[in-house]
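Biologist: I am new to this structure. Could you walk me through some of its features?

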Amino acid sequence: MNVTRGFTGRPRVHNPGLPPGQYDAGDDWPVLSAEVTPDLAPADWTFRIDGLVARPHTWDWDAAHALPGSVYEGDIHCVTSWSKFGVRFGGVSLDVFLDAVRPDTSATHAVAYSHSGYTTNLPLADLTGGRAWIAWEYGGEPLPAEHGGPARLLVPHLYFWKSAKWIAGIRLLDHDEPGFWEQNGYHARGNPWEEQRYSGD
Amino acid sequence: MTSTRAATSVTAPTTATVAEAGVRADPGFTPPTRFAVPGRIAVSNRAAALWQTATLTEIRRETARVATFRFAVPGWAGHLPGQHLMLRLTAEDGYRAQRHYSLASPPDDTGHIELTLDHVEGGEVSGWFHTEARPGDEVEVRGPLSGFFAWPGDRPALLIGAGSGVVPLMSMIRHHRVRGLEVPLRLLVSARAPEELIYAREYGTETTPVFTRRAPEGVPVGRLSAAHVAPLLAERPAGGWEAYVCGSNAFAEHASRLLVQAGQPVDHIRIERFG
């Protein structure tokens, strides 16, 4: 251990919800997107699932909102080291969308993509079982554009770059295919509890 | 607006995908949207996994709240202008704090790198640097990181930064100068007042400072505006500008909107937001 002379750091708070190397951002919610925030109205938003599925399908804003709603209350973790506690997102569980398209048994991975062209890859198992959402509300209000509104993917058990803003679609594949940050040296899975920040972690 | 068109042109779900046809998708999946994210720039990621010791060798004051810290990192693998690193400090009880910081120095082979850090109110890492650190101290770094906000010096670059957002842009300007590059390079840098302008003595004819609260005599006070951006876009260098925007999220939103409104293609705007 390389102790830094004179460094004491913040008062230690025992927080079992804080993954290793993370700090509590409190009320802040930093915005870190690398591209121009798209000017996307709800009426122009669509969400498609295709690839290795029986019935590829596209939902528009109204069709997605007609699905049974679901809420995520919990924490989110960004690879840049901040975590945010007690957030509340509203939307629809991704399981509902996936049930409608009937994934093929050969599907093992997915690429989520944004209306901005951003991409991120995930194992399909991380998108099922009540652990992923399409979210359009934050704290009971419409999700702001800079945080991915009108709607974003939400996969809160992974680093937040996996929760693609301005979600446009998910393609199911039988192999892993690195997305935008993953091609830029970031970890393929991004589990904050194992501190999978960069490839090789 | 370009971004609106980018968003609305993808609503028709007509594309039959290669995966549906039972064909393995090509490596490098490109979504069926008008691709608005600029592509990655080829960089080596081989050094990113290793934590290395960085020994502080020099501290230079830039402004009342900002200083530059020079480190010896003998194993540094080199970097591209614009890239960042992760830095961590370790307390005696094992507690660690880590942050991302942009590299201020241009790539060179001296085994030294420089970071320019704001003294953040209540910041545990920047606070240590500004109140405790002295030459000889050791910290740990890993990097360089990211092949997105990086400029290899191969294309015209239009740089827009505010506050300490100018730090990665200064690495680009220094690189341009040190290598004697002739590819066009321009910088719009926003600061509240002359005494808060980082690297004030280093700017040349490539730079236009913008002062938002107080300016030197004869220089207007005001926010970065379309009037600043328009003449630069009008230069139309061969191959077009690659725009690099760096600063707070509010500044990045403002500056990137100005660029889009002035006709800069969204897939040639790279943004680094400090958060």
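Modeller: Let us look at one strand and its neighbours, then at a sheet.

Modeller: This is a predicted model, where local features need pLDDT of at least 70, side-chain atom pairs count only at pLDDT 80 or more, and totals for chains, interfaces and linings use all residues. Residues are numbered from 1 along each chain as its sequence is written, while chains are lettered from A and ligands numbered from 1 in the order in which they are written.

Biologist: Is strand E2 (residues 46-51) of chain A mostly covered or mostly open, and how many of its residues are buried?

Modeller: In a regular strand the side chains alternate between the two faces of the sheet. Strands are DSSP runs of E, at least two residues long, numbered from the N terminus. A residue is buried if 20 or more other C-beta atoms, placed from the backbone, lie within 10 Å of its own. E2(A) is mostly covered, with six of its six residues buried. One side holds A:Thr46, A:Arg48 and A:Asp50, the other A:Phe47, A:Ile49 and A:Gly51.

Biologist: Which strands pair with E2(A)?

Modeller: Two strands pair if DSSP finds at least two bridges between them. E2(A) pairs with strand E3 (residues 57-60) of chain A in the antiparallel sense over four bridges, and A:Thr46 has A:Asp60 as its bridge partner there. A hairpin through five residues joins E2(A) to E3(A). Strand E11 (residues 167-173) of chain A runs parallel to E2(A), joined by four bridges; A:Asp50 partners A:Arg171.

Biologist: What is the strand order in the open sheet of chain B?

Modeller: Its six strands run E4-E3-E6-E1-E2-E5, with antiparallel pairing. Strands E4 (96-102) and E5 (112-118) of chain B are the edges, each pairing on one side only.

Key
A residue is buried if 20 or more other C-beta atoms lie within 10 Å of its own, exposed if 12 or fewer, and partly exposed in between; C-beta atoms are placed from the backbone.
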